[in-house]
Amino acid sequence: MSFVYSIFVDPFVQMIGAPDLLVQTLWEGLVGGVLYALIALGFVLIFKASGVFNFAQGIMMVFAALTLVGLHEKGVPAFLALALTILVMFALALAVERVILRPLVNQPDIILFMATFGLTYVLIGLGELVFGGNPKNMITSELLLPSGSLDFKTLGGLVSLQKIDIAAAIIASLMVAVLALFFQKTRIGRALRAVADDHQAALSVGISLDQIWVIVWFTAGLVALATGIMWGARSNVSFALEIIALKALPVLILGGLTSVPGAIVGGLIIGIGEKLGEFYWGPLVGGGIESWLAYFIALAVLLFRPQGLFGEKIIERI
Amino acid sequence: MSVAAVEPATAAGETLLKVENVSLSFGGVRAIRDVSFDIRRGEIRAIIGPNGAGKTSMLNVINGFYHPQAGRITYKGATRRRMRPHQAAAQGVARTFQNVALFKGMTTLDNILTGRTLRMHKSFFWQLWRYGPALNEEIEHRKYCEEIIDFLEIERIRKEPVGRLPYGLQKRVELGRALAMQPDLLLLDEPMAGMNLEEKEDMSRFILDVNAEFGTTIALIEHDIGVVMDLSDRIVVLDYGNKIADGKPDEVRSDQKVIDAYLGVVH
Amino acid sequence: MFYREAGQYKTTYQADMSVFPILQDRIGLALIIVAALVLPLVAGEFMIASVMVPFLILALAAIGLNILTGYTGLVSLGTGAFMGVGAYACYKLSTTFPAINILVWIVASGFVSCAVGVLFGLPSLRIKGFYLAVATLAAQFFLQWCFVRVPWLYNYNPSGAIEVPSRTLFGIHVTGASATPTTRYYVALAIVIAVTWIVSNLVHGRVGRSFMAVRDMDIAAQLIGIRLLRTKLLAFAVSSFITGVAGAMMVFLWLGAAEPDAFNINQSFILLFMVIIGGLGSLIGSFFGAALIYVLPIIVRATPETFGLTIGAATVEHLTYLITGALIIFFLIVEPLGLARLWQIGKQKLRVWPFPY
Amino acid sequence: MQSGASRDPEGALDTFPKWLRHHAQVRGARPAIRLKDRGIWRTWNWTDTHESVRALAHALRTLSIGVGDKVAIVGANRPALYWGITAAQWLRAVPVPVYADAVADEMAYVIENADVKIALVQDQEQVDKILSIAARLPQLTHILYDEERGLRTYDHSRLHFIAEVMAKSRAALAAPAMARELDDAIDDGRADDPSIMLYTSGTTGRSKGVVLSAGRSVAAARDTVEFDKLTDQDEQLAYLPLAWVGDHYLNYAQMFVAGGCMACPESADTVQQDLREIGPTFYFAPPRVFESLLTRVMIRMEDAGALKRAIFHHFLGLARRWGEKIMDGKRVPLHARLHYALGALLVYAPLKNVLGFSRIRTAYTAGEAIGQDLFSFYRSLGLNLKQLYGQTEAFLYVTCQADGAVRADTVGPAAPNVSLRLAPDGEVQFKSPGQFVEYYKDPAKTAEALTDDGFVKTGDAGIFDEDGQLKILDRAKDVGRLRDGTLFAPKYIENKLKFFPNIKEAVAYGDSRDFVTVMLNIELASVGNWAERNGIAYASYQEIAAHPRVYALIAEHVREVNRALAREAQMAGAQIRRFLILPKELEADDGELTRTQKVRRGFIAERYATLCAGLYDGSSAADIATEVTYEDGRKGVLAARVRIEDVDVDLPVSHEILRERAA
């Protein structure tokens, strides 16, 4: 009985008992979720436009952050480093299109999926080879990002919000808004949306498929860079972040592979869910459940909606 | 040929399958509306109709792949609302597909052998050993499959991976796989789609032979009206999910509603 | 070129349905087995202990994954963890019951892994494709977490690692510090040959065809009467049994000791690479894949030395990543169906030589 | 490994059923017949075969087949049909194989003419055919079929499924008395019993039933089995038409005597595949099969990579130079032998393997002339390909080449125990062990075919070469003489020309003329190819056919033929003096060729009368205007001036020397 109690009752008692901690946990989860959502967003962009399940999306984030920090370490001024990193991400998009997508077009999905595994390894190897494998600190202040925290004495305790987290939430929201505008209002954006539905239709807009791929991968690269900066600021920059990047996968699955709102909602659910889970239920089993809780949440959702929360219903035709 | 001796055609004319007032819709789109018809043992029954008439959906309902929202299906005397596809298979319903649904990574022979799965019973552990009982069983079924290969005249491609075969032959292999199940009711979804004249003639001959030699009841969908009229004993005509005619080829041919449907008269 | 098939006709179905119907293939296989048996007589200890033993074990794990991914079409990203299950099970069993033959425990640990595999295979009924891959990630991270957080699994060893006890077989040390590489090699070889033979039996029969039917066209398979869930779970069971055995072997016959990190997500990826580069749905491809992916880094490491260059260990590590990734992409572009397909093409060319097709 | 023939010194085995029993006793477990059926080679050993034939014989007897009755055998090569042949022979009835692809009408003629009582057929197709003509065949009582498919619903009052009647017979034969009586019936068989009737597809008129006796058939087969050292280890693919003497001799008679095994292919379109699987040790195919095989080899090699092509052609060149010498056991330098051995490893053996020729010890070709290059190609690979000349009336072998004495342009010396001679008019005549008894019910034709002293007239004209090998020139009636009396064999000359890939058709004239001339068609594909390589532009067949350099090219070929002719005693005087290249291709649609693509010399001479005149009046060109039919069916007039070229004639220097040597 005590077992049942400790799972189903006690955590909620704790939540109500210490609302400040609850708010703090929710906030942490929210910020984490926003960042998950950003990674997932880059993923959805690519999946929609080129049908590639881009496993390397998380690594692109780390790679971007590492490039930025690494360049700065080598003496490049922060904003020049930022510009150069954007350039590198563009070069990456070009290279991916030339080297991977073009030769493998029309291959089964699993093959493209595997190719992005290969890309993951290349990016890890390349990044570490050039910039070294030791963890680095994000150049937060150089990029004029705030640091420190805002503390609120409220709810019978202390709620502490890191400024960088607030910035991250704002920047993430801005990016989503900009992307939404880009998709809705620009010719290229409309073409990108069209290509998701129908390649021919996209061609009729006057943009070649190759160009679309480059643009999409570049966009995803930019999103990755932004995410990388935020996440790097919260911890540090190394390929250990890969594990975090993998969290984008349950986010995606939860949201449905093709849905941008799905990616955002999924990110928030996973982010908040795993923080709550870790904080309130984790101690029951010795902690550290954050490493797998996200996947279980996604799995649980999938069992009821195999296409994810926002995915289109699959009607099998024969 | 010994295959034929296995299932002698029983009292032709007895009802094998009865579809009553079946309706099916997908998220508001009604694919089949209140359709009823029957299939008698030993006959060749055609389901025809313009594109989107609900023909394939009808087959999917019959073999349990779709579950109708309303109506009843009586098969071999047992009435049911819904059935799982593997149950349908176990009860002797076999099926070919509009777009060839072969196992592309396997050879012709393996595809046909797969059709015998339900009749192979040697346990997993015998399979691990393979030699002995499992292989003997495998050989028994290989013999049966070879009869089908002989029947369909596909000896030459026995060991070719099906993915490399021309379309017409793939359709034949698919028919072979369905026959390997020794079905009581064989559902053929556009068996002659995309074939040239000669291939169509071959396929027609095979369908008639299957019906005659094995006594298999056949329900088929086909676009080539000429072929349908020649092959089938009775025809159901669907249009926009409704049944608009049902009868012998001659009756259907002269039915005004059918003529209208095929000429595209607006409803 | 070396094939002389004229006159090799089959008068029985037994002969026609044998796994190696061509005489020259049987000869080739016999030669390979003989070569594998005499290898320790000619090869050095490094070759045996650090190349051949790991190669065999990884090939076995790749076969396990290939059953699931190659034959049944279910992508798994949790293979490393299933190897871990085997390893921890074997560790617990052999330390709890030290008197019982270690081979028994290696096989038994396969069954433990099998049970866990089936459990995590359950979602495969409703979840397909990439979605399922993510489900297997859940297994990966959950199991890995267990290896860290459940001290019972490593007998409360303060280091958090499992250390292989010394065990004998017919009076000869086969595990632990005093087992010679040659002994461990022969044990590994025997297990790999036995399991490969059994798997080969399996995939050539009804079960194998059901797997492939589900992979190629699950709807048609269903309408033939193949039960999807049962078949998929069976694939999970067989697959995780083999990976479990491979995992136990990895610790007991190769590493000697292991930390939870040995079974991390990277291990899962590496195995998936082996299967894909080697060839989905091909047993021989699993060996090719294991050889390429495992041996490649060894070569990358050895190459600078042969040219007299000294490169830092970290750099070599990074280079290995870079080159491995590039090669994966290269092989996917050259032959998406893997080395097994290249092998098959080569064999076909030899069979029709001098004709090109 | 014993030759069956050597086991019968007393000659007591003078019918095939006796051989069957003999083999069942001495090599019962050796395979006798195979059938690729349901994916595997079902095999019957001699014991099984004996037992099956016995059951079928009993079944036939129950259907009242007795001595002298005729049993038609219709269908592809199937064990049941071969058993039917032996079963009929067991009962001293006469099997009559009928071409399976014959239309109902032709079949009706044979069945009626042969007084067939029972037809043993393969499948529904043949049953349908026979039922459609049954009304015209009152003497036909029963039809037995081998494949049941589609026939179950037929009226079975006169129709029987072979497997069923055999099963019934087996049950009946379980009674020892019944079995003994049937077994003893074998001993009633006598050497002069008619063993089989083979209908020749006569070029003119209705076909005739050639009656062969049991003793002679066995004797002939025994000789050639000895000659080619066939044993019970030999195996061959039975893919030739059952009703053709070649199948009955090579597959049936020889294997029945040697105790070897014949393998029946799965179906007509798997013959190549089945050939490769079986890997026969004895093989026969007409030249056109070898030719199309070679073409396919070359076409497939075109798609090979440059390196492989280079290797292939290098070793083919090597084989051309040494291959035949090595096979004939001639002196060859060691380096060439080693080089050839490497070629065998890389090219020859694999090539033979993919063609299914790996195990062949003896291969024959016959039926028409075979080109030197084609013939040499196979021999140089190490395939022991030889030629024979035969006829239904001889029960196949009249001449055949011995190992080590093989040439492309002859058909070999007389086969064992065959007497061979040339009539004064050049016609080949023979007396052979397997010689036919008569044409069935046609004493007039029989008498016509025999000379007064019992030799068979072949109707072919031939000459003996210096080493006693026979060369077939042409049909005897087509052979004429130049004004000076020199033998003129148009087809012989035409064939020599046509072996050049550049020459498609040739029409030779010379009968009752002073000298030989030819009209030629060039092969557009190869000449066009040559023209392209030599920068010669052309727009049409007519244009390139008239090109001076093409004339020069062809003239060289004609000279080469002349050189070859000069070396042959009887032919040296019939060298080609003048030729022209026709401005259009000869077409069956224009009546210039028969439907079987044979030139109609007389018609062509009439049609191109002006050209013909030009050839003999010494002019250097002649005009022609003639109506032609285009491919789309339109008609038009072709008018052209055609060059006529003189060719040097080789001195028949060796003439006398050769004659001496021949004598």
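## The largest cavity

A cavity is a set of points on a 1 Å grid over the protein atoms where a 1.4 Å probe fits but cannot get out, and its lining residues have an atom within 4 Å of a point. In this predicted model, the structure holds 10 cavities of 30 Å³ or more. The largest cavity has a volume of about 120 Å³.

The lining of the largest cavity is made up of 13 residues, and those nearest its centre are Phe55(A), Gln57(A), Gly58(A), Ala245(A) and Leu246(A). Four helices of chain A each give at least two residues to this lining: H3 (19–50), H4 (57–73), H11 (242–246) and H12 (248–255). By class, the lining of the largest cavity has 8 nonpolar, 4 polar and 1 charged residues.

## Which chains touch

Chain A and chain D, by contrast, do not touch; 24 Å separates their nearest C-alpha atoms.

## Interface of chains A and C

The size of an interface is often given as the accessible area lost when the parts come together. For chain C and chain A the buried area is about 4,200 Å², with 81% of it on carbon and sulfur atoms. Chain A contributes 53 residues to the contact and chain C contributes 39 residues.

Across this interface of chain C and chain A there are 0 salt bridges by the rule applied. The number of residue pairs in polar contact between chain C and chain A, both at pLDDT 80 or more, is 3. On the side of chain C that touches chain A, the elements giving two or more residues are the helices H6 (129–149), H9 (218–224), H11 (265–278) and H13 (313–334) of chain C. H13(C) supplies the largest share of that side, 12 residues. The side of chain C that touches chain A divides into 31 nonpolar, 5 polar and 3 charged residues.

## Interface of chains B and C

Chain B and chain C bury about 3,300 Å² between them, and carbon and sulfur atoms give 67% of this area. The contact involves 40 residues of chain B and 31 residues of chain C.

The rule finds 3 salt bridges across the interface of chain B and chain C. Arg142(B) pairs with Asp16(C) in a salt bridge, with 2.8 Å between the closest N and O atoms. Between chain B and chain C, 11 residue pairs are in polar contact, both at pLDDT 80 or more. Elements of chain B that give two or more residues to the side touching chain C are helix H3 (85–90), strand S6 (93–95), helix H4 (108–114), helix H5 (124–129) and helix H6 (133–152). Of these, H6(B) gives the most, with 7 residues. The side of chain B that touches chain C has 20 nonpolar, 9 polar and 11 charged residues.

## Backbone details

Trp353(C) and Pro354(C) are joined by a cis peptide bond, with omega about 5 degrees. Pro354(C) is in the segment that comes after helix H14 (339–352) of chain C.

In chain B, Arg130(B) is not a glycine, yet its phi is positive, at about 65 degrees. Arg130(B) lies in the loop between H5 and H6 of chain B. Those two helices, H5 (124–129) and H6 (133–152), are both among the elements that give two or more residues to the side of chain B that touches chain C.

Technical notes
Residues numbered from 1 in each chain as written. Chains lettered and ligands numbered in written order. Predicted model: local features only at pLDDT ≥ 70, side-chain atom pairs only at ≥ 80, totals over all residues. Heavy atoms only, no water. Contact = heavy atoms within 4.5 Å. Buried area = accessible area lost by both parts, 1.4 Å probe. Salt bridge = Lys/Arg side-chain N within 4 Å of Asp/Glu carboxyl O. Polar contact = N/O pair within 3.5 Å; in protein donor to acceptor, adjacent residues only side chain to side chain. Nonpolar A, V, L, I, M, F, W, Y, C, P; charged D, E, K, R; others polar. 1 Å grid on protein atoms, 1.4 Å probe; cavity = no way out; pocket = protein on both sides within 12 Å on 5 of 7 lines; lining within 4 Å. Points joined across faces, edges and corners; volume = space filled by probe spheres on them.
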